[in-house]
Amino acid sequence: MNLENKYFTIKSGVLLKFKDLKTDRISVPDGVKIIGERAFFTSRIRNIKLPESLEIIEKKAFWGCNCLERIIIPDNVKTIGNDAFAECHGLEKLVLGSGVEKIGCRAFFNCKNIVGDISGVSVKSIGDSAFACCRYVNSFYFPECTSIADNAFNSCFNMQSVTVGDIERIGYHAFRFCGNLENFTVAESVQQICSGAFGFCSNLVIKVPENLRQSEKICENAFYKCKEVIYI
């Protein structure tokens, strides 16, 4: 697909550039498969409809779009790139499509006004600081997730619950300052809990497999200031 008009530059199915005219609402044409790097970078767009043909959102595609209020990721999207929606301070609603498998580093970093619950039924990996500082999200549901990188949920102050799959590593400061998180059970599959992973989770009762108690798999201050650690 190729298109050049007053709004878009599209070549071979890749949306390369959005021409930031004064418009509150825009629909990306059907047939676009990739939102290119920095395509909407710091745009003033408020509402955007993405096509079902979309498969990839590249890095920094919507970085700093402070007027963007909501985003619905279509089901055919598999990858959300690094910094794709970082610093979108006005973003209040996020819906992840059922096909999203990879959420890149800082993909939604400091989207500080997203509210409600975030569900990604096919998400397998969550990058470094992917949701850090998403302070008003109530819960995250990622039942197939096997990789949580450093700082992934750092400073998600309002998060009350999180569901993940058979993860092997809980990254450095992954859940730091998640003060409203009350319960978490570490999966048997976990091979490492990094330093400060649950630091300052002051209301958290965390259940940890007994076989991790005397091992080097739990790093220093992994549970610093947690309410209670129970070995099961």
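Student: Which residues make the nonpolar surface patch of about 340 Å²?

Tutor: Good place to start! The patch is made by F157, F177, F200 and Y224. Keep in mind as we go that this is a predicted model.

Student: Where does F177 lie, between which strands?

Tutor: Look in the loop that runs from strand 17 (169-170) to strand 18 (183-185). To read how open a residue is, we use its relative accessibility: buried means under 20%, exposed means over 50%, and partly exposed is in between. F177 has 30%, so it counts as partly exposed.

Student: And C178, is it buried or exposed?

Tutor: C178 is also placed in the loop between strand 17 and strand 18. Its relative accessibility is 0%, and therefore C178 counts as buried.

Student: What is C178 in contact with, leaving aside its neighbours within four places in sequence?

Tutor: Its partners are F153, C156, M159 and C201. Take C156: it is 22 residues away from C178 along the chain, yet the two C-alpha atoms are separated by 5.3 Å.

Student: Let's step back to the whole protein. How many helices and strands are there?

Tutor: The count is zero helices and 21 strands. The C-alpha trace spans about 65 × 25 × 20 Å along its principal axes.

Student: How does the radius of gyration fit with a compact globule?

Tutor: The idea is to compare the value with what a compact globule of this length would have. For 232 residues that would be near 17 Å, and the protein has 19 Å, which agrees.

Student: Now a polar example, please. What does the side chain of S53 reach?

Tutor: The S53 side chain reaches the backbone oxygen of V32 at 2.7 Å. A polar contact of 3.5 Å also joins the side chains of S53 and D30. S53 sits in the loop between strand 6 (47-49) and strand 7 (56-57), and its relative accessible area is 18%, so S53 is buried. Setting aside sequence neighbours within four places, S53 is in contact with D30, G31, V32 and K33.

Student: Which backbone oxygen does the side chain of S122 reach?

Tutor: That of S98, at 2.6 Å. S122 lies in the loop between strand 12 (116-119) and strand 13 (125-126). Beyond its neighbours within four places in sequence, S122 has contacts that include G99, V100 and E144.

Student: What about K225, is it buried or exposed?

Tutor: K225 is exposed, with a relative accessible area of 51%. This residue, not a glycine, has a positive phi of about 70 degrees. Its place is in the loop between strand 20 (205-208) and strand 21 (228-231).

Technical notes: Residues are numbered from 1 along each chain as its sequence is written. This is a predicted model: local features need pLDDT of at least 70, side-chain atom pairs count only at pLDDT 80 or more; totals for chains, interfaces and linings use all residues. Side-chain values use heavy atoms; hydrogens and water are left out. Patches are made of residues with over 30% relative accessible area and no salt bridge: like charges are joined within 9 Å, nonpolar side chains (Val, Leu, Ile, Met, Phe, Trp, Tyr) within 5 Å. Accessible areas come from the Shrake-Rupley method with a 1.4 Å probe; for residues, only the protein chains shown count as cover. A salt bridge is a side-chain nitrogen of Lys or Arg within 4 Å of a carboxyl oxygen of Asp or Glu. Helices (H or I, at least four residues) and strands (E, at least two) are DSSP runs, numbered from the N terminus. Buried means under 20% relative accessible area, exposed over 50%, partly exposed in between (1.4 Å probe, protein chains only). Contact means heavy atoms within 4.5 Å. The radius of gyration is taken over C-alpha atoms; the globule rule is 2.2 Å times the number of residues to the power 0.38. A polar contact is a pair of N or O atoms within 3.5 Å; within protein, one must be able to donate a hydrogen and the other to accept it, and residues adjacent in sequence count only if both atoms are side-chain atoms.
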